[in-house]
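Biologist: Please go through this model with me and set each label against its definition.

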Amino acid sequence: MENLTNCDEGLQPAVCRACLFAKGAAPARIAGGEPLQAGRPAAQTRALGGLDAQEPAPQPLTAGGSEVWLLSGSAPGPWTDCQPAATTSGAMPVGGLLPLFSSPGGGGLGSGLGGGLGGGRKGSGPAAFRLTEKFVLLLVFSAFITLCFGAIFFLPDSSKLLSGVLFHSNPALQPPAEHKPGLGARAEDAAEGRVRHREEGAPGDPGAGLEDNLARIRENHERALREAKETLQKLPEEIQRDILLEKEKVAQDQLRDKDLFRGLPKVDFLPPIGVENREPADATIREKRAKIKEMMTHAWNNYKRYAWGLNELKPISKEGHSSSLFGNIKGATIVDALDTLFIMGMKTEFQEAKSWIKKYLDFNVNAEVSVFEVNIRFVGGLLSAYYLSGEEIFRKKAVELGVKLLPAFHTPSGIPWALLNMKSGIGRNWPWASGGSSILAEFGTLHLEFMHLSHLSGDPVFAEKVMKIRTVLNKLDKPEGLYPNYLNPSSGQWGQHHVSVGGLGDSFYEYLLKAWLMSDKTDLEAKKMYFDAVQAIETHLIRKSSGGLTYIAEWKGGLLEHKMGHLTCFAGGMFALGADGAPEARAQHYLELGAEIARTCHESYNRTYVKLGPEAFRFDGGVEAIATRQNEKYYILRPEVIETYMYMWRLTHDPKYRTWAWEAVEALESHCRVNGGYSGLRDVYIARESYDDVQQSFFLAETLKYLYLIFSDDDLLPLEHWIFNTEAHPFPILREQKKEIDGKGK
Ligand code: DMJ
């Protein structure tokens, strides 16, 4: 009865006809001719339109006439019109179709065909058909069948409708209905929907089972109806695009099946360069390095003791901390800390982490995650753990997670969504983002990881996704050569013209430079994009304060906000690292620019009470490198300033960078270390403790790793061989690419 229910509910003709055909009875009965009289309406009063209007009036009534009525799908009116027999006779489920082929009782459709409402002549039945009439009948009926097939197979997801109607006989075999949230809906809605379904009726209660099944069918129908309606309103190009996206999804599922369940292709694991943990020759440096390892042990042991398996630690409350950034994925600290444990030689801890990952790391979670955060921390952490240790489990998990992230790219432009439900594959953007835009620093910080995913899986799909992002960016005009922070994934156009080298923009620029370096300097497009962007940043954003501090301001539609974020401090290291690729005359300039930013950021630390820097500091209203707003005075164990010290140390060996790094160690020990680990601070300008009670996973991944590298020799993870992702996870330079390209060129 589901089709009739749908007719009642106003299904569009195309869809409802598919339902009727799906009943399977109509064609056979029509061919046989006999049972078609069963559902004849007592009186058919419908006015005719379409083909029937062209029929010459004084023709004998034939079943062909009835079919003409059926085919006049373009005639306006709700789909309830398709079921007169069911409503009048109240008997046959296919009553909407059958009466059209009967006539001996008179009236019926013939009344219309003959010459208007109620007029009709008596028909003589199928046996009396003339040859031409039979032919017309056959023609018309074939057209009807074709239409039905079209509705079934070419309307996206009408198969769902059929499966709801036809294949619901065994409720036990039906998966619970996915309660998909629409765009803008929250993941929790979906979760609640699922819970509701489970709660209805106890297991084994057939009544409840039936109810549940009917509800599910109804839900399927409603969804199919919505989708069919949407499809009918779409332009042909949009339908074409949807079909392509759907195909792509299927291909991705196949990829997942192939790769994950039948094993990844073999890759030659190259022993990593520069991972020997040699002690520094200088005793003071050795001690300092040992101290940093002790800090890592303290952070790790407390996480293990109080929050093992959860995402992060609350070092004051001594319990787990879960951030919505990871949805229901667990173990952020474990995955983020893997490579730090490895390079510090903490082998037992590394093995513990590996065992947990093997047993418990699960990505099949029905919750929204931040694509960016999951990529930089989880994919990044797993990739570097693989490259350092050669353990297959990390490669497998990284690729498995990469596949789960692919639906985020199902947008009209190929610019991915910021948020993704990993189970349903539904994506959306942050509700606060300008005009539904994706964020530059988020979709622009996938490149390194996705290039490695293709390398390790043997599948180009990951690389294709990130190269598509680049194509979109290169086609767009940039205001003053700058990249706005917001880009709409549907229109492929910029949102608000806000530009930042800090939050919302930062690691996009970092990844342009590193894409070039990681490709063994073959990715010249990335190099050009990087240097062009840096030039525009220098012209429009970089300024010097009256006290001589160089800073990077934020740009809002042409106006400068003289504020620099803690996040922006990474740029000192980036400018210095990029000096290598700059024209010779500019190389020194970029090193100096890096040094100036490092000095400014050091000042932002030095001008606080605790000697750790605020979230943002300003250069206006008579202050320099100081936070003036209460909500910018916090420090959450961030690494960017220390990251810049690390690059400056490696590239210049100026001892002040070790001095500044050690100041940071002392400040962390004095103000952030607590019994239960390390905590961020709410206000860096006051003496009183102001713990935020979170030990961020990036404290272990980045802050402690960069500190450790500053007090290690340069041959530990040498910069000529390793590129650090934005979460400080080291990836090897992809030299094979060059060889392949060279090989092809020969
Ligand atoms: C880290 O997760 C990454 O460094 C990211 O690029 C920016 N923010 C945090 C640390 O501050």
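Biologist: What makes Lys318 partly exposed?

Modeller: Lys318 has a relative accessible area of 32%. Buried means under 20%, exposed means over 50%, and partly exposed is what lies in between, with a 1.4 Å probe and protein chains only.

Biologist: What should I know about the origin of the values?

Modeller: This is a predicted model, in which local features need pLDDT of at least 70, side-chain atom pairs count only at pLDDT 80 or more, and totals for chains, interfaces and linings use all residues. Residues are numbered from 1 along each chain as its sequence is written, and side-chain values use heavy atoms, with hydrogens and water left out.

Biologist: Where is Lys318 found, and what is its phi?

Modeller: Lys318 sits in the loop between strand E1 (312-314) and strand E2 (319-321). Its phi is positive, about 55°, although Lys318 is not a glycine. Helices (H or I, at least four residues) and strands (E, at least two) are DSSP runs, numbered from the N terminus. By that count the chain has 27 helices and 18 strands.

Biologist: How do you know that Leu504 is partly exposed?

Modeller: The relative accessibility of Leu504 is 27%, so it belongs to the partly exposed class. Leu504 lies in the loop between strand E8 (498-499) and helix H20 (506-518). Its phi is near 80°, again a positive value in a residue other than glycine.

Biologist: Why is H20 called largely enclosed?

Modeller: 13 of the 13 residues of H20 are buried, so the rest of the structure largely encloses it. H20 reaches 18 Å from its first C-alpha to its last, close to the expected 18 Å. The expected span of a helix is 1.5 Å times one less than its number of residues. Just after H20, Asp520 has a positive phi of about 60°.

Biologist: How do you know that the span of helix H12 agrees with expectation?

Modeller: H12 (residues 283-307) has 25 residues, which should span 36 Å at 1.5 Å a residue; the end C-alpha atoms are 35 Å apart, so the two values agree. The buried residues of H12 include Ile285, Met296, Trp300 and Tyr303.

Biologist: What is found at the two ends of H12?

Modeller: At its start, a side-chain oxygen of Asp282 comes within 2.8 Å of the backbone nitrogen of Thr284. Just after H12, Gly309 takes a positive phi of about 85°.

Biologist: What makes the pair Glu368 and Arg428 a polar contact?

Modeller: Their side chains meet at 2.6 Å. A polar contact is a pair of N or O atoms within 3.5 Å; within protein, one must be able to donate a hydrogen and the other to accept it, and residues adjacent in sequence count only if both atoms are side-chain atoms. The 2.6 Å value is inside the limit, so the pair qualifies. Glu368 is in strand E3 (residues 368-370), and at 14% relative accessibility Glu368 counts as buried.

Biologist: What makes E3 an edge strand?

Modeller: E3 belongs to an open sheet of 3 strands in the order E3-E4-E5, with antiparallel pairing. E3 and strand E5 (427-428) are the edges, as each pairs on one side only. Two strands pair if DSSP finds at least two bridges between them. E3 and strand E4 (residues 419-421) have 3 bridges, so they pair.

Biologist: Why is Ser370 called buried?

Modeller: Its relative accessible area is 0%, so Ser370 is in the buried class. Ser370 is also in strand E3, and its bridge partner in E4 is Leu419. Not counting residues up to four places away in sequence, Ser370 touches Leu325, Ala418, Leu419, Trp430 and Glu442, where contact means heavy atoms within 4.5 Å. A polar atom of the Ser370 side chain lies 3.1 Å from the backbone nitrogen of Glu373.

Biologist: Which residues have a polar atom listed by distance to a ligand oxygen?

Modeller: Arg638 places a side-chain N or O atom 2.6 Å from a ligand oxygen. For a polar side-chain atom of Glu702 the distance is 3.0 Å, and for a backbone N or O atom of Thr726 it is 2.7 Å. The protein covers 92% of the 290 Å² of accessible area that the ligand has on its own; accessible areas come from the Shrake-Rupley method with a 1.4 Å probe, and for residues only the protein chains shown count as cover.
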